[in-house]
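Please examine the sequence and the three-dimensional structure shown below.

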Amino acid sequence: HSLPENRCAMSEQALIAEATEFIAKTTGQPFAGSFGEYLRDGVVLCEFLNKLKPGSVSNFKKSKMPFVCMENISAYTKACKALGLPDAYNFVTVDLWDGSNLKQVALSVVTLKRQLGFGFDKVAKDQIQVSAGADQTTQLAASPVKGATAEKAQSCRECNRSVTGGCVEMTNSDKPAEIYYYHPRCFNCKKCGSNLKSGQASQFQTLAYCDKCILIVNPRHTIRAATKNMGFKFS
């Protein structure tokens, strides 16, 4: 899928404001200084990413030495790429170090927010849209999956956090009116814990299992989970 042409539709000020708020909320620390100054050594960004995805950045150091700071920034951007952030939404070290493109730095943070299922802020009039564009529905049952769209606020069945951004919907095979919502990262096999992609789940007693574990918990299973991918699929 191609990336949306309006990925930078938000103004620099709006992107930085949202990125600042999200980083501060995630790290639990208010910004000390401007956006560029506070993030310039790369440490806060690495700590922020480790809060979102523990262990994402293992090698960073607190230092005022330029080459160390730039290595920290590089470690963050590489970790973002490893998490699936496309280059078009990422930034290069000099964007932050020189302060030459802080909008791109903020864009990387805001896009991660969307990608990891933390949702869209309803207050932004010119909200950035990060989507795959085409319909990504995966149907694994005879009847269509019906339920709320990704924009409607729901709670993740696994972690109970909001899934106003990317999510996976799973229909109860016994009660089609019941729909369960998951962050993509929370849609895991109930037995082994492996992450499930929309289209790879089997359902037993309203729970999702991978193809291997379903044969253990229910050897006679015949029901594939009816799922609908409302999340972000970066290519």
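How many residues does the largest nonpolar core have, and which of them have the most contacts inside it? In this predicted model, the largest nonpolar core comprises 37 residues. Ile23, Phe35, Leu39 and Tyr76 are the residues with the most contacts inside this core. Six helices each supply at least two of the core residues: α1 (12-27), α2 (35-39), α3 (43-52), α4 (66-82), α5 (93-97) and α6 (102-115). The greatest contribution comes from α6, which gives seven residues.

Leaving aside residues up to four places away in sequence, Phe35 touches Ile16, Ala19, Thr20, Ile23, Leu102, Val105 and Ala106. There is also a second, separate core, which has 15 residues and includes Met170, Cys186, Ala208 and Tyr209.

The next topic is the packing of one helix against another. Two packed helices are described by the angle between their axes and by the distance between those axes. For α1 and α3, the axes come within 9 Å and cross at roughly 65°. Angles of 65 to 115 degrees count as roughly perpendicular, so α1 is roughly perpendicular to α3. The crossing in which α1 passes α3 is left-handed.

Which residues meet where α1 and α3 are in contact? From α1 come Phe22, Ile23, Thr26 and Thr27, and these meet Val44, Leu45, Phe48, Lys51 and Leu52 in α3. Sorted by class, this contact has six nonpolar, two polar and one charged residues.

Terms used. Residues are numbered from 1 along each chain as its sequence is written. This is a predicted model: local features need pLDDT of at least 70, side-chain atom pairs count only at pLDDT 80 or more; totals for chains, interfaces and linings use all residues. Side-chain values use heavy atoms; hydrogens and water are left out. A nonpolar core is a set of buried Ala, Val, Leu, Ile, Met, Phe, Trp, Tyr and Cys residues joined through side-chain atoms within 4.5 Å. Buried means under 20% relative accessible area, exposed over 50%, partly exposed in between (1.4 Å probe, protein chains only). Helices (H or I, at least four residues) and strands (E, at least two) are DSSP runs, numbered from the N terminus. Contact means heavy atoms within 4.5 Å. Axes are lines fitted to C-alpha atoms, for helices over the stretch in contact, and angles run from 0 to 180 degrees between N-to-C directions. Angles under 35 degrees count as roughly parallel, over 145 as roughly antiparallel, 65 to 115 as roughly perpendicular and the rest as oblique. A crossing is left-handed if the near helix is turned anticlockwise from the far one by less than a right angle, and right-handed if clockwise. Ala, Val, Leu, Ile, Met, Phe, Trp, Tyr, Cys and Pro count as nonpolar, Asp, Glu, Lys and Arg as charged, and the others, Gly among them, as polar.
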